[in-house]
Amino acid sequence: MKKICEKTAEMLPTLEDIAKKPESVCPVQWAAQIAHTAHEATCGHGTFCRDGMYQLFLIPEDISNGRGTVEDLDTLKECCELIIMANDCDLSVTAATLVKALLETYADEWRSHITRKCCAALACAACYSLYIDPALCDACGKCKEAAPANVIAGSAGMIHVVKKDDNSIKTQKFLSVCPKGAIKKCGPIKPPCPVDPVPVGSFGQNAGGGRRRRRG
């Protein structure tokens with residue numbers, strides 16, 4: 001088909017970049033970012049370019065936020081193929097090609113987001129958890145001060161504990177609030193941590209330190 005505009009894709013990554021994706025980069029988030037960048041730059045004259053780019057953004061965005069379904073993967077692939085076939089402009093074709101490459105190259109990671117709510121890169125807030133490393137926590141209380149009420153439990157001299165999975169604290173700003181670096185990310189399986197606050201230095205010691213519970 002004849003291109004309807006001369007929009008180029010200079011601002012987008014390449015297929016080589018996709019193939020060399022760092023482990024710290026989530027393919028689902030990257031796909032959403034590529035589609036969003038393309039949608040913002042489109043002239044809007046072509047339906048497949050305008051509306052297609054928006055769908056290419058919405059589907060990965062939903063998956064990243066824990067709202068995706070397995071059927072979305074087929075829908076996304078079909079959408080990419082339709083945009084490529086429409087050939088409205090280099091921008092839309094390149095964006096669809098890149099999203100399709102991310103979808104096919106890292107298929108296991110996409111499916112893991114949907115079926116296990118797990119992000120290997122620990123980048124999607126709905127697909128990872130936060131915990132406070134009991135070996136590093138010194139009960140300074142900064143995490144509790146920075147978090148919404150009832151999300152962090154702990155008091156003076158007590159190891160603090162994340163009591164509620166709250167996406168509002170899954171930000172770099174919150175991760176950085178602990179001077180000891182005790183706030184950490186994890187996947188579906190959390191490392192050994194106290195369920196409730198226990199005295200600093202007691203968790204994991206003999207004498208059942210990990211089972212002593214006091215609320216802060």
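In what follows, Ala, Val, Leu, Ile, Met, Phe, Trp, Tyr, Cys and Pro count as nonpolar, Asp, Glu, Lys and Arg as charged, and the others, Gly among them, as polar. This is a predicted model, in which local features need pLDDT of at least 70 and side-chain atom pairs count only at pLDDT 80 or more, while totals for chains, interfaces and linings use all residues. Residues are numbered from 1 along each chain as its sequence is written, and side-chain values use heavy atoms, with hydrogens and water left out.

**Cavity**
- The structure holds 1 cavity of 30 Å³ or more, a cavity being a set of points on a 1 Å grid over the protein atoms alone where a 1.4 Å probe fits but cannot get out.
- By class, the lining of the largest cavity divides into 10 nonpolar, 2 polar and 3 charged residues.

**Overall form**
- The protein chain has a radius of gyration of 22 Å, whereas a compact globule of 216 residues would have one near 17 Å, by a rule of 2.2 Å times the number of residues to the power 0.38, over C-alpha atoms.
- Along the principal axes, the C-alpha atoms of the protein chain fill a box of roughly 75 × 30 × 25 Å.
- Of the 216 residues of the protein chain, 44% count as buried, that is, under 20% relative accessible area with a 1.4 Å probe, protein chains only.

Terms used:
On a 1 Å grid over the protein atoms alone, a cavity is a set of points where a 1.4 Å probe fits but cannot get out, and a pocket is an open set with protein on both sides within 12 Å along at least five of seven lines; lining residues have an atom within 4 Å of a point. Grid points are joined across faces, edges and corners, and a volume is the space filled by probe spheres set on the points. Buried means under 20% relative accessible area, exposed over 50%, partly exposed in between (1.4 Å probe, protein chains only).
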